[in-house]
Amino acid sequence: KAVALRSVAQVANTSLASRRIPASFIAKGCAPAKRAFRLMSSGREVVFTEAAPAAVGPYSQAIKANGFLYVSGQVPLVPGTKEFNSEDVSEQAEQVMANMGAILKEAGSGFDKVIKTTILLADMSDFAAVNAVYGKFFPVDPPARACFAVKALPLGAKVEIEAIALA
């Protein structure tokens, strides 16, 4: 075992070091060296569409990598503005899903390829209203999901949703 660990560490210290994968991560068996190399060497693609709000910070609307699409959290901004579509949480949820749909479409994906979402709510009492809207977009075989109440959301939004989909 000591020889095998040493050889993994040697690999991590040479070819993978330039790819910012810590040697401790590889040496502890957290990721096989060859797999880590493939993931890092396959690249990523930034996804952008004017049909969804531009990022309001240093992040991308979505990233395609290794057959997956990672969609950043969407808030109910109307594309091309810095304004929410409504103060009503149901209408905000509709806008969030429309924004997400535009990004999924731009990336060649769709709601039917979403495998995981995370919903953030400013108030958990809005869960039922958001859930009703959300369910319309995933009528069959909905994705895995988590939902959290948070203290506040960007720009005072009532709902934010992020997703991971097949690219």
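## A first look at the fold

Starting at the N terminus, the elements of this protein come in the order α-α-α-β-β-β-α-β-α-β-β. That makes five helices and six strands, where helices (H or I, at least four residues) and strands (E, at least two) are DSSP runs numbered from the N terminus. What you're looking at is a predicted model, in which local features need pLDDT of at least 70 and side-chain atom pairs count only at pLDDT 80 or more, while totals for chains, interfaces and linings use all residues. Residues are numbered from 1 along each chain as its sequence is written, and side-chain values use heavy atoms, with hydrogens and water left out.

**The overall picture**

- Of the 167 residues in the protein, 36% are buried; buried means under 20% relative accessible area, exposed means over 50%, and partly exposed is in between (1.4 Å probe, protein chains only).
- Take the contacts (heavy atoms within 4.5 Å) between residues at least 6 apart in sequence: 62% of them join residues at least 24 apart.

**The nonpolar cores**

- In soluble globular proteins, nonpolar side chains tend to be buried together.
- The largest nonpolar core here has 26 residues, and Leu 69, Val 71, Leu 104, Val 159 and Ile 161 touch the most other members; such a core is a set of buried Ala, Val, Leu, Ile, Met, Phe, Trp, Tyr and Cys residues joined through side-chain atoms within 4.5 Å.
- Strand S3 (68-74), helix H4 (89-106), strand S4 (114-121), helix H5 (127-137) and strand S6 (159-166) each give two or more residues to this core.
- H4 is the top contributor, with eight residues.
- There's also a second, separate core of five residues, with Val 75, Phe 84, Leu 153 and Ala 157 among them.
- Back to Ile 161: setting aside neighbours within four places in sequence, its contacts are Ser 72, Gly 73, Gln 74, Val 96, Met 97, Met 100, Thr 117, Thr 118, Ile 119 and Tyr 134.

**The cavity**

- The structure has one cavity of 30 Å³ or more; on a 1 Å grid over the protein atoms alone, a cavity is a set of points where a 1.4 Å probe fits but cannot get out.
- The largest cavity has a volume of about 90 Å³, counted as the space filled by probe spheres set on the points, with grid points joined across faces, edges and corners.
- Its lining residues (those with an atom within 4 Å of a point) include Pro 53, Tyr 59, Gln 61, Val 75, Leu 77 and Asn 99.
- By type, the lining splits into seven nonpolar, four polar and no charged residues, with Ala, Val, Leu, Ile, Met, Phe, Trp, Tyr, Cys and Pro taken as nonpolar, Asp, Glu, Lys and Arg as charged, and the others, Gly among them, as polar.

**Residues worth a click**

- Asn 66 isn't a glycine, yet it has a positive phi of about 55°. Asn 66 sits in the loop between strand S2 (62-65) and S3, and is partly exposed at 39% relative accessibility.
- Leu 155, another non-glycine, has a positive phi of about 60°. You'll find Leu 155 in the loop between strand S5 (144-149) and S6, where it counts as exposed at 54% relative accessibility.
- Leu 166 belongs to strand S6 and is partly exposed, at 38% relative accessibility.
- The C-alpha atoms of Leu 166 and Lys 64 are 9.0 Å apart, although 102 residues separate the two along the chain.

How values were computed. 1 Å grid on protein atoms, 1.4 Å probe; cavity = no way out; pocket = protein on both sides within 12 Å on 5 of 7 lines; lining within 4 Å.
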